[in-house]
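Reader: I like to go through a model one feature at a time, with the cut-offs spelled out. Please show me the sequence and the structure, and then I will start asking.

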Amino acid sequence: MDTTNIARLLGPFIQLDEMRLAAISKYIDLLIKWDARINLTAIRAPEEIVQRHFGESLFAAQHILAGRPVKTAIDLGSGAGFPGVPFALLAPEVEITLIESNQKKSTFLKELIYVLGLRNVGVFSGRAESYSQSADLVTLRAVEKFGEVLSLALSLVSPNGRLALLVGTSQIDLARSLLPEVQWQEPVAIPSGHSRVLLVGTKMVKVE
C-alpha cells in the first residue's frame, strides 16, 4: 500500500512523517506475505489492517508517551507485532521486548525487525513465565485467556511502572476487579468505532 493512502487511513489516529509511513508500508507487505503461510491476523484487507492494527497501536503509543517517560517496554503475546512494533517505530529511544511463544510468529517478528532495521526491538521466543526481566511499561492486546494473562502481565511491570491494555469496553471491569492493586486511569476511547479503549494503570509499590 502506498504511503499517501496509509497517511489518509491513519488520519483519525495520528499524523506520521514519510519515513514511518514507508516503514508501515513495508510492514504491511511482509505481514500479508507471511499471513498466506501462517495465521498472523484474522484481518485480511490492507485498509482494515492499517486502521485496526496500526491505528489502534499508534494511538495508544502516542497517548502513553505523552505521559511520563518510558525507557523499557514489553509487549506480551506480541503475535504479529501489535502494538509493540508500531510503538518502536514511534519511539526509537525505548528498548522494547516482544514476547511471543509461538515459534513461527516469533520467526516472523525477527524478520520484520530485520526488514525495518529496528535496533531498539528484541524478541523473546518463549513463555512469559520464563522471562526474568521487568519493564517500565507492559502492553497487552487481543490475547486469549485475558483474565489469566493479566496477573502475569503485571508481574513483568517494574515497581511504579505501567500496564497498558488495549481491550474492549466489556473487559474494563474485569481488569479492575482482577488487579485491584493497580491504580487505574480513566479508559481512553480509541477512535475506531469498535468499542475499543486504552486502559492504563500504575503498579503501586506496597509499603510494609
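**Strands, helices and cores**

Reader: Ser-158 is found in strand E5. Is Ser-158 buried or exposed?

Author: Happy to start there! This is a predicted model, in which local features need pLDDT of at least 70, side-chain atom pairs count only at pLDDT 80 or more, and totals for chains, interfaces and linings use all residues. Residues are numbered from 1 along each chain as its sequence is written, and side-chain values use heavy atoms, with hydrogens and water left out. Buried means under 20% relative accessible area, exposed over 50%, and partly exposed in between (1.4 Å probe, protein chains only), so at 14% Ser-158 is buried.

Reader: Which residues does Ser-158 touch, not counting those up to four places away in sequence?

Author: Contact means heavy atoms within 4.5 Å. By that test, and with the sequence neighbours set aside, the partners of Ser-158 are Ser-134, Ala-135, Asp-136 and Lys-203.

Reader: Asn-160 lies in strand E5 too. What is its phi near?

Author: Strands (E, at least two residues) and helices (H or I, at least four) are DSSP runs numbered from the N terminus. Asn-160 is partly exposed, because its relative accessible area is 41%. Most residues other than glycine have a negative phi. In Asn-160 the phi is positive, with a value near 70°.

Reader: How many bridges join E5 to E8?

Author: Two strands pair if DSSP finds at least two bridges between them. Leu-166 has Leu-198 of E8 as its bridge partner. E5 and E8 run antiparallel, and the number of bridges joining them is seven.

Reader: Strand E6 (residues 182-184) and strand E7 (residues 188-189) also bridge to E8. Which residue of E8 is the bridge partner of Val-188?

Author: E6 runs antiparallel to E8, joined to it by three bridges, and there Val-182 is partnered with Lys-203. E7 is antiparallel to E8 as well, through two bridges. The E8 partner of Val-188 is Leu-198.

Reader: How many of the eight residues of E8 are buried?

Author: E8 is largely enclosed by the rest of the structure.

Reader: What about the helices: how is H1 oriented relative to H2?

Author: Helix H1 (residues 3-10) and helix H2 (residues 18-35) pack with their axes 9 Å apart, at an angle of about 100°. Axes here are lines fitted to C-alpha atoms, for helices over the stretch in contact, and angles run from 0 to 180 degrees between N-to-C directions. Angles under 35 degrees count as roughly parallel, over 145 as roughly antiparallel, 65 to 115 as roughly perpendicular and the rest as oblique. H1 is therefore, relative to H2, roughly perpendicular.

Reader: Which residues of H2 make that contact?

Author: H1 contributes Thr-3, Ile-6, Ala-7 and Leu-10. From H2 come Glu-18, Leu-21, Ala-22, Ile-24, Ser-25 and Ile-28.

Reader: Which residues of the largest nonpolar core touch the most other members?

Author: A nonpolar core is a set of buried Ala, Val, Leu, Ile, Met, Phe, Trp, Tyr and Cys residues joined through side-chain atoms within 4.5 Å. The largest has 52 residues, and those touching the most other members are Leu-10, Ile-24, Phe-54 and Phe-108.

Reader: Where does Leu-109 lie, and is Leu-109 buried or exposed?

Author: Leu-109 lies in helix H5 (residues 103-116). Leaving aside neighbours within four places in sequence, its contacts include Leu-98, Glu-100 and Val-123. Its relative accessibility is 0%, so Leu-109 counts as buried.

Reader: How far apart in space are Ala-142 and Val-167, C-alpha to C-alpha?

Author: Ala-142 is found in the loop between strand E4 (135-141) and helix H6 (146-155). Ala-142 is exposed, because its relative accessible area is 65%. Ala-142 and Val-167 are 25 residues apart in sequence, and their C-alpha separation is 7.0 Å.

Reader: One last point: is the peptide bond from Phe-82 to Pro-83 cis or trans?

Author: Pro-83 is found in the loop between strand E1 (72-76) and H4. Most peptide bonds are trans. The bond from Phe-82 to Pro-83 has omega near 5° and is cis.
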